[in-house]
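I opened the model to see how its two chains are built and where they meet. My notes follow in the order of looking.

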Amino acid sequence: MTVQVTQNGVDYDNHGFEYSYYSVDRYFPKSGPSDGKTGSIVVSGQGFKPSAKPMCKLNGTEHAPVSVTHKEIRCPVPPAEAGKDFFGNVDFAITPNGAAWKVFDGGF
Amino acid sequence: MKIFPSAGYVKGGTFVEILGTWFDYAPQYGIVPHCKFGNTIVRAHFDSTVRLVCQSPAVQGTNAVLDFEVSLNGVDWTYTNFTFAYIEEPKMEKIYPDMGSIEGGERVYFSGDGFSNHTDPLHYKCRFTPQTLQLPPKETQVAFLN
């Protein structure tokens, strides 16, 4: 998609800026051992791209994704900050574009 | 009578629409519509008795707000107090972010130099045009930050 700006309602710029869209569908798994041995959380959707600098956020801490493809963002799962005996939910969110966060209900 | 737009780039070339009544074109009687941007007179395109179109001439300098008038014979001019503002063409360097959710509603920032706040904020817009789908462009309002 091309995005242009006009200052007078008539004359649009011709810089050729491009804008794309993404969608976030689901993530899996939604739980794992507190020692972080889950591996990674796979977020499925469409339109992801590494150049947009996507990030993951688990329990308020940001992490760079393990990998990014057009349809998947894989987020690392470190050991629980509260220790290996922690049991419960923590917040989980991603930003596919490095700007807007998608917070998942239920967390991880 | 009203005009749109009331601003354009210093390089000129902006098509300015003048809506009114009793416009005419009868060169055999010397009736040939003109527009005047400051002291520069240009021929108007007679579209209908209610619509003229003039192309803004180039000017030197920026941020000049010039009187804008219309004449049906190039001699007798209206006194409308309309103005036409000349603005610099901005140098746009970056868009951030360059992708957003299909749900919409996310802000998109353009950085660069030479953005003007001398135009009607209602006419400051973004236009999103699909490249692959045969869908009409969508326009959204822009906020001038600084």
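First, the contact rule: two residues are in contact if their C-beta atoms, placed from the backbone, lie within 7 Å. I kept in mind that this is a predicted model, where local features need pLDDT of at least 70 and side-chain atom pairs count only at pLDDT 80 or more, while totals for chains, interfaces and linings use all residues. Residues are numbered from 1 along each chain as its sequence is written, and chains are lettered from A and ligands numbered from 1 in the order in which they are written.

**Entry 1: chain A overall**

I asked what share of the contacts in chain A with a separation of 6 or more comes from residues 24 or more positions apart. I got 48%.

I then looked up the secondary structure. Helices (H or I, at least four residues) and strands (E, at least two) are DSSP runs, numbered from the N terminus. Chain A has ten strands and zero helices.

Next I checked the dimensions. The radius of gyration of chain A is 17 Å, whereas a compact globule of 108 residues would have one near 13 Å. That value is taken over C-alpha atoms, and the globule rule is 2.2 Å times the number of residues to the power 0.38. Along the principal axes, the C-alpha atoms of chain A fill a box of roughly 60 × 25 × 20 Å.

I also looked at burial. A residue is buried if 20 or more other C-beta atoms lie within 10 Å of its own, exposed if 12 or fewer, and partly exposed in between; C-beta atoms are placed from the backbone. In chain A, 24% of the 108 residues count as buried.

**Entry 2: strand 9 of chain A**

Which strands of chain A does strand 9 pair with? Two strands pair if DSSP finds at least two bridges between them. Strand 5 (residues 55–58) of chain A pairs with strand 9 over four bridges, in the antiparallel sense. There, A:Cys56 has A:Ile94 as its bridge partner. Strand 10 (residues 102–103) of chain A is joined to strand 9 by two bridges, again antiparallel. A:Val103 in strand 10 stands opposite A:Ala93.

Strands 9 and 10 of chain A form a hairpin with six residues between them, and A:Gly98 in the turn has a positive phi of about 75°.

**Entry 3: where the chains meet**

I counted the contact residues: 29 of chain A and 30 of chain B. On the chain B side, the elements that give two or more residues are strand 2 (7–9), strand 10 (91–96), strand 11 (99–101) and strand 13 (125–129). Strand 13 of chain B gives the most, with five residues. I sorted this side of chain B by type and found 17 nonpolar, nine polar and four charged residues. Here Ala, Val, Leu, Ile, Met, Phe, Trp, Tyr, Cys and Pro count as nonpolar, Asp, Glu, Lys and Arg as charged, and the others, Gly among them, as polar.

An open sheet of four strands runs in the order 2(A)-1(A)-13(B)-14(B), with antiparallel pairing. Strand 2 (17–18) of chain A and strand 14 of chain B are the edge strands, each pairing on one side only.

Five bridges join strand 1 (residues 2–6) of chain A to strand 13 of chain B. A:Val5 stands opposite B:Cys126 there. Strand 13 and strand 14 of chain B are joined by four bridges, and B:Phe128 has B:Lys138 as its bridge partner.

I stopped at B:Pro130, in the loop between strand 13 and strand 14 (138–141) of chain B. Is B:Pro130 buried or exposed? B:Pro130 counts as exposed, because it has 12 C-beta neighbours inside 10 Å. Not counting residues up to four places away in sequence, B:Pro130 touches A:Met1 and B:Leu135.

**Entry 4: the domains of chain B**

Chain B is divided into domain 1 (2–87) and domain 2 (91–141); these bounds come from an automatic or database domain assignment. Their C-alpha centres lie 29 Å apart. The contact takes six residues from domain 1 and five residues from domain 2.
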